[in-house]
Each structure stands twice: as C-alpha cells, then as structure tokens.
Amino acid sequence: MRPTQSIISTDGVFKRVPSFDTVGVMASKVTDVEILFNAILHPLALPNMSPLSTYKLGIINNYTVRGVDTEVAAAIHRVIYSCKQAGIEIINIESKLLSNFNEINYSIIALYEFNQVLQEY
C-alpha cells in the first residue's frame, strides 16, 4: 500500500526525492495491510504479534537498490538477509512499471529535490 504522502511520518527515513518519498506497507491480505497501517499510525495500539515466520517482505528487485550508493545497497541487503534468517518470507517482485519508468523525468526531479534535501542537512 502506498499511502498519500504525509499520512505516515517520514521522520527517520532517508530522504531521496520528497515528491515521491512515502512510507507504506505490503501484505498479501487487505486485513494485514490494515493492521500494519494502524500499527504505524497508532503504535501504542499494536495487536498481538504473530510469529515472524507468518510475515512476508516484498522486495522490488528492479527498483529497491537501483541508483543508491553501494554502501546503502549493502545495508539494505543485510536487512533483507536478517529478515530471512529471522523467518520472514522474502518475496522477490519485478515491476514492469518501474522497469519502464521514465528515468529522464525522474532524474530531473530527483536531482533537484535531492540537492535540496542535502542542503537541509
């Protein structure tokens, strides 16, 4: 689920392109998305957690680490590996939409906004 920007805080999230950055959840069932979304919005009202082996983590192969620094990509891969070792099922996804995404338009927006983000730090 990709919620509207600013519904979920991006505090603590490394900003890449503010126009596109948002925090969301992925699940195979709508009810699971609802539980996760509510847990993010209302962290004190967390339901009882199921064993980690009941969770799935979707990784968009042709986008997740595309264009990021090699150290950041390595950190992402370490987290994915840790999730797998903890029993979370990793689902590899290929996105036709993202593989055909217009890199020129994205790059113009991304470079402009990323420069602004860097200047804020």
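Q: Leaving out residues up to four places away in sequence, what does Ser95 touch?
A: Ser95 touches Ile60 and Asn62. Keep in mind that this is a predicted model.

Q: Where does Ser95 lie?
A: Ser95 is in the loop between β2 (89-93) and α3 (96-99).

Q: And is Ser95 buried or exposed?
A: Ser95 is buried, because its relative accessibility is 16% and the cut-off for buried is under 20%.

Q: How do β1 and β2 pair, then?
A: Strand β1, residues 56-60, pairs with β2 in the parallel sense, and five bridges join the two.

Q: What unit do those strands make with helix α2?
A: Together, β1, helix α2 (residues 70-85) and β2 make a β-α-β unit, and that unit is right-handed.

Q: Let's zoom out. How many helices and strands does the chain have?
A: The chain has four helices and two strands. Read from the N terminus, the order of the elements is α-β-α-β-α-α.

Q: How much of the chain counts as buried?
A: The chain has 121 residues, and 17% of them count as buried.

Q: What about contacts between residues 24 or more positions apart?
A: Such pairs make up 68% of the contacts in the chain that have a separation of 6 or more.

Q: New topic: Ser28. Where is Ser28 found, and is it buried or exposed?
A: Ser28 sits in the segment before α1 (30-41). Ser28 is exposed, since its relative accessible area is 58% and exposed means over 50%.

Q: How far is Ser28 from Gly58?
A: Their C-alpha atoms are 9.6 Å apart, while along the chain Ser28 and Gly58 are separated by 30 residues.

Q: Now pockets. What volume does the second largest pocket have?
A: The volume of the second largest pocket is about 370 Å³.

Q: Which residues lie nearest the centre of that pocket?
A: Of the 15 residues lining the second largest pocket, Arg16, Gly67, Val68, Tyr106 and Ala110 lie nearest its centre.

Q: Where does the largest share of its lining come from?
A: Helix α4 (residues 103-120) gives the largest share of the lining of the second largest pocket, with six residues.

Q: And by class, what is in the lining?
A: The lining of the second largest pocket has nine nonpolar residues, four charged and two polar.

How values were computed
Residues are numbered from 1 along each chain as its sequence is written. This is a predicted model: local features need pLDDT of at least 70, side-chain atom pairs count only at pLDDT 80 or more; totals for chains, interfaces and linings use all residues. Side-chain values use heavy atoms; hydrogens and water are left out. On a 1 Å grid over the protein atoms alone, a cavity is a set of points where a 1.4 Å probe fits but cannot get out, and a pocket is an open set with protein on both sides within 12 Å along at least five of seven lines; lining residues have an atom within 4 Å of a point. Grid points are joined across faces, edges and corners, and a volume is the space filled by probe spheres set on the points. Ala, Val, Leu, Ile, Met, Phe, Trp, Tyr, Cys and Pro count as nonpolar, Asp, Glu, Lys and Arg as charged, and the others, Gly among them, as polar. Buried means under 20% relative accessible area, exposed over 50%, partly exposed in between (1.4 Å probe, protein chains only). Contact means heavy atoms within 4.5 Å. Two strands pair if DSSP finds at least two bridges between them. A crossover is right-handed if, with the strands pointing away from the viewer, the path from the first strand over the helix to the second runs clockwise.
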